[in-house]
Amino acid sequence: MPITYSFTKLKPAYNIKTDRTFTVVRKYAFIFTLLVAFGGQFFPKLGLLVVPVMIGLLIAAFFKGRYWCGNICSHGSYYDFLLLPFSRNAKIPKFMRWTLLSLLVLAWFGFRMTTGLYNASLAYGDPDFWDKTGNVFVNAFMMVIIAGTTLGILVSPRMWCSVCPMGVMQKASNFLGRKLKVTKVTEEKVTIADKDQCHTCGKCSRVCPMQLTPHLNFNEHNQFDSSNCIKCSTCVENCPADLLTLSNQSTANFITRNVKKEAGKNRKQFTTTICKISTLKENVKEFIFQLSDNSINFKAGQFILVKIKDKPEMFRAFSVSYFDKTNNRIGVTVKKASNGYGSEILFNDFAEGMNVILEGPIGDEIVIDEESKRAIFIGGGIGITPFVPLVQEAINSNKIEDIKLIYGVNKESELIYTDKFMQMEKESDKFSFIPVVAFDENWKGEKGFVTDVLDKMNLTGNTIYMCGPKPMIDTSLKKLDQLGVDKNNIRYESA
Ligand SMILES: Cc1cc2nc3c(=O)[nH]c(=O)nc-3n(C[C@H](O)[C@H](O)[C@H](O)COP(=O)(O)OP(=O)(O)OC[C@H]3O[C@@H](n4cnc5c(N)ncnc54)[C@H](O)[C@@H]3O)c2cc1C
Ligand code: SF4
Ligand code: SF4
């Protein structure tokens with residue numbers, strides 16, 4: 001009787017703190033909040049500076065939704081830049097999203113401001129009229145600092161933004177813009193290039209400062225329509241599949257029409273059973289899944305999604321490191337990420353005999369181009385995994401005449417699958433295996449980084465396929481550029 005999912009012991013945090021992309025404005029705008037709230041205690045006229053800000057954000061919202069909140073707002077900058085490091089970054093309670101609650105907060109703030117301004121107006125013509133008027137805004141800023149800081153540290157940095165009265169007024173202004181169809185051109189929304197290539201990893205939702213769920217809510221134009229989205233681009237920056245942009249509707253239509261659809265074309269769901277789990281290193285395990293039939297359409301170099309959670313449905317992408325067509329088996333090799341949500345589940349909860357949903361295969365970045373007769377494969381760290389089937393496929397291909405695999409790690413103890421690659425090298429005279437170790441005195445082979453090996457090679461006529469951590473990909477791309485390799489002959493994938 002197969003075991004089924006339990007997902008009982010979820011450990012690492014769902015919401016991930018991640019660096020925001022700071023423009024100068026976004027980084028330092030918090031100075032304005034502090035200046036008005038604290039400086040205003042001594043110079044109340046500073047509060048008057050808030051008036052043009054309020055007018056500006058309402059106009060901006062008419063055209064662009066809550067763009068101001070994510071990119072210009074001085075309170076937002078305070079939450080993202082100053083509070084984020086100290087925040088628990090916990091889940092924002094559901095009631096904070098109730099419209100009624102934001103209307104109550106708006107009514108309360110509105111009442112305080114109106115009565116404050118009315119009282120100040122009674123002093124019209126007096127020398128302290130402007131001080132009294134400014135003070136109304138200074139007090140409002142101070143209240144926001146107190147409420148925002150408390151909620152931000154105890155729960156989540158942007159928790160106040162869920163009920164912020166200015167946010168509600170922006171939504172009203174934007175509603176008008178949408179009704180008048182102005183926003184079709186002016187408002188940029190989070191857009192996914194191709195839903196079929198989405199990894200359903202949920203990362204866009206886990207990093208969202210407003211704790212929205214773009215990956216579950218793309219509309220028929222592939223856009224995320226939430227009026228609470230502050231257009232901060234955090235999800236765009238963090239999507240591992242590089243599928244997201246902030247685009248208006250016509251750009252979104254262009255992107256979705258012109259994206260390469262091949263990569264997600266054969267995607268299907270499979271119910272499998274884990275038939276074997278092997279520990280390759282203390283923090284690396286290989287999982288082999290038994291498919292029920294041979295309907296999977298897999299090409300070496302592709303990756304597959306492994307379901308790690310039901311609610312919200314969540315998958316993790318892993319390059320296929322093992323494929324046995326005859327016995328309908330497919331495998332992935334996983335490195336445990338420290339504090340990693342998905343890899344912890346795979347390491348702690350996955351067991352032989354358990355049913356697991358796989359989805360895919362996806363990706364064509366490092367699938368072999370048979371037009372090119374010479375291949376150089378470069379794998380860094382856990383990025384070596386797709387090269388197990390890739391090297392075998394290249395060896396089997398009659399069209400490919402020369403194959404080299406450069407495998408870079410920091411320490412010799414991190415190397416995996418070396419026996420397999422050495423065996424393939426023994427059996428094929430067109431394949432050379434070059435492991436390279438960066439920081440290990442006792443290592444007898446090539447020392448340094450993969451780029452040091454590239455320096456010594458003749459790269460002419462080769463297609464280069466790379467998979468590994470982003471820093472390795474970036475330095476290798478730079479090196480290949482210096483060595484005069486045409487960009488069209490380079491393919492890569494990075495986690
Ligand atoms: C195309 C593709 C192929 C891939 N192939 C492989 C493969 O073959 N093998 C493999 O092992 N991996 C592979 N990956 C990576 C894999 O999909 C996962 O991203 C990886 O296992 C980490 O997932 P996780 O859920 O454990 O970590 P996550 O929970 O998503 O965390 C990611 C990182 O963020 C950090 N983090 C977690 N929580 C917090 C927090 N609260 N604050 C700050 N930082 C935090 C973690 O330390 C971790 O390093 C691939 C990825 C892609 C896109
Ligand atoms: S959905 Fe993306 S752009 Fe919108 S608030 Fe969340 S992270 Fe920012
Ligand atoms: S791949 Fe992950 S981060 Fe990107 S859109 Fe899909 S679920 Fe979001």
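Around ligand 1, strand S6 (314-324), strand S7 (329-335) and helix H13 (341-348) each supply at least two residues of the shell. This is a predicted model, and in it that shell draws on both domain 3 (266-362) and domain 4 (374-494), so ligand 1 lies between them. Here is a quick tour of the ligand sites and the nonpolar cores.

**Ligand 1**
- Ligand 1 is surrounded by 26 residues.
- The closest of these are Gly340, Tyr341, Gly342, Ser343 and Ala495.
- Sorted by class, the shell around ligand 1 holds 13 nonpolar, nine polar and four charged residues.

**Ligand 3**
- For ligand 3, the surrounding shell has 14 residues, and Cys198, Cys201, Cys204, His215 and Cys239 are the closest.
- Nine residues of the shell around ligand 3 are nonpolar, four are polar and one is charged.

- In soluble globular proteins, nonpolar side chains tend to be buried together.
- The largest nonpolar core here has 50 residues, and Val36, Phe141, Cys235 and Leu244 have the most contacts inside it.
- Helix H7 (residues 129-154) gives the most to this core, contributing seven residues.
- Domain 1 (24-177) and domain 2 (188-259) both give residues to this core, so it lies between them.
- Setting aside neighbours within four places in sequence, Phe141 is in contact with Thr33, Val36, Ala37, Gly40 and Val50.
- There is also a second, separate core of 41 residues, with Ile378, Leu405, Phe431 and Phe449 among them.

Key
Residues numbered from 1 in each chain as written. Chains lettered and ligands numbered in written order. Predicted model: local features only at pLDDT ≥ 70, side-chain atom pairs only at ≥ 80, totals over all residues. Core = buried A, V, L, I, M, F, W, Y, C linked by C-beta atoms within 7 Å. Buried ≥ 20, exposed ≤ 12 C-beta atoms within 10 Å, placed from the backbone. Helix = DSSP H or I, 4+ residues; strand = E, 2+ residues; numbered from the N terminus. Domains from an automatic or database assignment. Contact = placed C-beta atoms within 7 Å. Near = placed C-beta within 6 Å. Nonpolar A, V, L, I, M, F, W, Y, C, P; charged D, E, K, R; others polar.
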